[in-house]
Amino acid sequence: MLNIKKPRGTNDFFYDSSKNLEFIENKIKNIVKLYGYGRIRTPLFEYTELFTRGIGEGTDIVGKEMFTFEDRGGRSLTLRPEGTASVARAYIENSMQNEFAVNKLFYLGTMYRAERPQKGRYREFNQFGAECIGSSSPLIDAEIILLNINILKEFGIDNVNLLINTVGCSKCKPSYNNALKEAIGNKKDELCETCQRRYDINILRILDCKNDRCREIIKDIPKFYDYVCDECKEHFDRLCEELTRIGQSFTVSNTLVRGLDYYTKTAFEVQTDALGAQSAVLGGGRYDNLIGLFNNGKDIPAVGSAMGIERLLIILENQNNIISERLDVFIAAFKETENEVLKIMQKLRANNISCDYGFSAKSIKSQFKYANKRNAKYILVLGEDELKKGMCRLKNMDSTEEKEVSLNDIHSNIEK
Ligand SMILES: [Zn+2]
Ligand SMILES: [Zn+2]
């Protein structure tokens, strides 16, 4: 016997769970259409440099969470841990800047990170992301935030907390980093081990640390806003204005930096208590210097967001907010009448009616039980006597009303 289980931190989706996943994806697809986004599909694996350079060596993702392997020619490949670097690469590789001045792209698909698995966080997980490339306007930052909050609203998640911050640009980030170094320098030894390392490699990551002691130390750090350049300040002010104008409430969080190196100016996160404790369901920000990496240093402004689908799935299942699809007709037949089953089902399907058969003419009682389990709207019984008359019995499983109908006219007796 081959005793093989799925790899740690992965999921099998089937029946209800895969239907729920599809329900979420379809709803998202319909909403992003309203915002003018087109879908992009990039490979599940990329050359490793894309992520080490794009996301940044000092990040947790690159440092310890990537699934990296060699191809047969010895080149290093990595399963995509996030979507933005791939979209940036694809944008330049396909010269999309020549297509439209502003490209609005969304993706839905699996990402891979070797994290410690926990409820709602897996090593293979589904993510929805939106990327808008080509505009530096704060209006588009506001729109992408609204898009994401609208998606949550469509799923009945109304009680959200929007956090925003500005993290500066390549010109002004260094002066903030220095101010931060100075502010926590004399407490460096009290930081957790990881943060002591972060202090030298990537000090902004300290702001993300969950360690209580580290959180205490960063409580009174200098504000980004006081150190960023005029351009970044103006951009942030305008974003706040736009959100206010549209009636979207928000909180400015000085410690919000997001986990990746490429962010510039806007950083945002949406939290909800729908999963119990207040936690982030989505986040994003502006990345004006990422595309330049793939474009001979010529920057193209962009802003994006990412949302984990599995956490949304848990929230919706907790809320019973998912409508499961029902089978229209379940056929029950006797051994003597089974010959008619496929013919009848073909006709029903041609009329856009979903139907199924148990594929074993057991007792009628057990077939009824099965129809119930399948949550069928109707059960159609093929009795020998009725069949001789060109008829069958159709029972509405909800109203329990039963009637004899002509085999040629089953579909018009089915209420969709
Ligand atoms: Zn700046
Ligand atoms: Zn720490």
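Helix α11 (residues 309-318) has 8 of its 10 residues buried, so it is largely enclosed by the rest of the structure; buried means under 20% relative accessible area, exposed over 50% and partly exposed in between, with a 1.4 Å probe and protein chains only. Helices (H or I, at least four residues) and strands (E, at least two) are DSSP runs, numbered from the N terminus. The model is predicted, and local features need pLDDT of at least 70, side-chain atom pairs count only at pLDDT 80 or more, and totals for chains, interfaces and linings use all residues. Residues are numbered from 1 along each chain as its sequence is written, chains are lettered from A and ligands numbered from 1 in the order in which they are written, and side-chain values use heavy atoms, with hydrogens and water left out.

The buried residues of α11 are I309, E310, R311, L312, L313, I314, I315 and L316. After α11 comes N320, with a positive phi near 55 degrees. Helix α11 packs against helix α1 (residues 16-34) at an angle of about 110 degrees, the axes lying 10 Å apart. Axes are lines fitted to C-alpha atoms, for helices over the stretch in contact, and angles run from 0 to 180 degrees between N-to-C directions. The two helices are therefore roughly perpendicular, a term that covers 65 to 115 degrees. The contact (heavy atoms within 4.5 Å) involves N20, L21, I24 and I28 of α1 together with I309, L312, L313, L316 and E317 of α11. These residues comprise 7 nonpolar, 1 polar and 1 charged; Ala, Val, Leu, Ile, Met, Phe, Trp, Tyr, Cys and Pro count as nonpolar, Asp, Glu, Lys and Arg as charged, and the others, Gly among them, as polar.

The zinc ion (ligand 1) is coordinated at 2.3 Å by the SG atoms of C169, C172, C229 and C232, where donors are N, O and S atoms within 2.8 Å of the metal (3.2 Å for Na, K and Ca). Angles of 104 to 117 degrees among the 4 donor atoms make the arrangement tetrahedral, which for four donors requires all angles to lie between 85 and 135 degrees. The donor spacing is C-x2-C-x56-C-x2-C. C169 lies in the loop between β7 (160-166) and α6, and C229 in the loop between α8 and α9 (230-245), so this pair ties together parts 60 residues apart in sequence. Both C169 and C229 are buried.

The zinc ion (ligand 2) is coordinated by the SG atoms of C192, C195, C209 and C214 at 2.2 to 2.3 Å. This site is also tetrahedral, with angles of 104 to 115 degrees among its 4 donor atoms.

Terms used:
Four donors count as tetrahedral if all angles lie between 85 and 135 degrees; four count as square planar and six as octahedral if opposite donors are over 155 degrees apart and all others between 65 and 115; anything else is irregular. Angles under 35 degrees count as roughly parallel, over 145 as roughly antiparallel, 65 to 115 as roughly perpendicular and the rest as oblique.
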